[in-house]
Amino acid sequence: IHFLRAAVGLPGSVGPDEEGGCRDADVAQAIRFAADAGAQVINLSVGGSQPSPMFLEALRYAVSKGTFVAIAAGNSFEERNPVQYPAAYAADLDGVVAVGAIGRSKRRSYYSSTGTYVELVAPGGDNRADGAAGVIYQTGMRDADFDPVTVIVPRFDRYFDKPQQGTSMAAPHVAGLAALLYSQGINNPGAIERAMKRFAQDLGPQGRDNEYGSGLIDARATL
């Protein structure tokens with residue numbers, strides 16, 4: 001839409017905060033492409049409530065190629081907490097991890113989905129519990145460069161740190177730890193997952209639970 005409208009000189013681009021989408025087939029193809037290209041770690045901040053067999057097969061393929069995958073567990077706890085896919089596949093795939101979110105208090109963020117498939121948690125932000133100090137800053141695009149009223153050609157060359165929260169902010173912490181473990185010579189996705197779980201900080205009820213999985217990743221202890 002951005003480029004079609006720009007071609008005829010019209011404003012009306014899609015704002016970065018508007019609901020977007022991408023076909024499961026396209027994401028699955030991207031996973032396979034990355035694995036074939038030698039990617040050692042993939043982060044997936046995508047999800048929905050409908051199962052997708054092609055996602056499952058793509059994840060199996062990635063692990064078979066030696067690729068570790070971190071997946072956001074979902075932000076739908078207050079929307080009746082539906083099972084989230086592809087995160088729900090993680091529990092059955094060694095080397096694929098579904099990641100929930102916690103705030104500064106090390107308690108589950110109010111939005112973070114729960115379930116038997118949640119395996120680990122990481123900082124995702126919680127402004128309800130912690131206010132402005134409770135968000136995660138990450139690099140993103142400037143909203144003004146995508147103003148649907150005024151922008152004809154959106155800019156992709158200007159970035160800044162912006163406050164966010166979600167399991168999409170938590171999953172990259174796990175992906176980053178996986179990359180550090182790969183740098184130490186651990187090149188088996190399943191071994192990376194087991195190491196993270198073994199040295200995670202247990203939160204909530206003792207042992208694994210549906211809110212925190214095996215607990216909060218501990219990069220220092222795991223390394």
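This is a predicted model: local features need pLDDT of at least 70, side-chain atom pairs count only at pLDDT 80 or more; totals for chains, interfaces and linings use all residues.
A residue is counted as exposed when its relative accessible area is over 50%, as buried when that area is under 20%, and as partly exposed in between. Eleven salt bridges were found.

Glu78 and Arg128 form one of these contacts, with an N to O distance of 2.6 Å. The pair connects distant parts of the chain, 50 residues apart: Glu78 lies in the loop between β2 and β3 (96-102), and Arg128 belongs to helix α4 (residues 127-130). Arg128 has a relative accessibility of 53% and is therefore classed as exposed, the cut-off being 50%. Glu78, at 44%, is partly exposed.

The loop between β2 and β3 also holds Asp94, which pairs with Arg194 of helix α6 (residues 189-198) across 100 residues of chain. The closest N and O atoms of Arg194 and Asp94 are 2.7 Å apart. Both partners are partly exposed, Arg194 with a relative accessible area of 46% and Asp94 with one of 42%.

A further salt bridge joins Lys65 and Asp36 at 3.7 Å, N to O. Lys65 is located in the loop between α3 (53-64) and β2 (68-72), whereas Asp36 is in helix α2 (residues 24-36); the pair links distant parts of the chain, 29 residues apart. The relative accessible area is 44% for Lys65, which is partly exposed, and Asp36 is likewise partly exposed at 47%.

Definitions and conventions: Residues are numbered from 1 along each chain as its sequence is written. Side-chain values use heavy atoms; hydrogens and water are left out. A salt bridge is a side-chain nitrogen of Lys or Arg within 4 Å of a carboxyl oxygen of Asp or Glu. Helices (H or I, at least four residues) and strands (E, at least two) are DSSP runs, numbered from the N terminus. Buried means under 20% relative accessible area, exposed over 50%, partly exposed in between (1.4 Å probe, protein chains only).
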